[in-house]
Amino acid sequence: MTDDMHLDTHHKATVKKIFGHPVSHNIQWHDVLSLLENVGTVRVEHDSRYKVTLGSETQIFDAPRHHDIDEQQVIDLRRMLSSAGITAESP
């Protein structure tokens with residue numbers, strides 16, 4: 001994780017849920033969005049899509065129909081956060 005990124009207690013809890021095993025089915029979208037806005041750039045696109053840039057990687061996320069993200073989004077977030085140096089052990 002780069003030195004200019006700071007995770008507060010709430011963001012750290014969200015990261016731990018994302019990297020938890022087995023995959024959590026209780027990770028709320030608004031928590032993920034808050035985390036992504038803190039560590040990257042988030043732009044709202046049309047049709048409830050969010051363009052997220054973190055480091056050199058950009059990915060489009062669809063807002064879930066319910067409050068919680070699905071398993072594929074957890075997997076995509078793990079990959080994106082890991083490539084930016086953010087893990088469950090991040091300070």
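Me: Is glutamate 57 buried or exposed?
Reply: The model is predicted, with pLDDT of at least 70 needed for local features and 80 or more for side-chain atom pairs, while totals for chains, interfaces and linings use all residues. Residues are numbered from 1 along each chain as its sequence is written, and side-chain values use heavy atoms, without hydrogens and water. Buried means under 20% relative accessible area, exposed over 50%, and partly exposed in between (1.4 Å probe, protein chains only). Because the relative accessible area of glutamate 57 is 19%, this residue is buried.

Me: Which side chain meets glutamate 57 in a salt bridge?
Reply: A salt bridge places a side-chain nitrogen of Lys or Arg within 4 Å of a carboxyl oxygen of Asp or Glu. Here the N to O distance is 2.2 Å, and the partner of glutamate 57 is arginine 79.

Me: How many salt bridges does a search of the whole structure find?
Reply: One of them joins glutamate 45 and arginine 43 at 2.7 Å, N to O. Another joins aspartate 62 and arginine 49 at 2.8 Å, N to O. The search of the whole structure gives a total of three.

Me: Which side chain of opposite charge is nearest to aspartate 31?
Reply: Lys and Arg count as positive and Asp and Glu as negative, with His and the chain ends not counted. Aspartate 31 is buried yet has no salt bridge. The nearest side chain of opposite charge, 4.8 Å away, is lysine 17.
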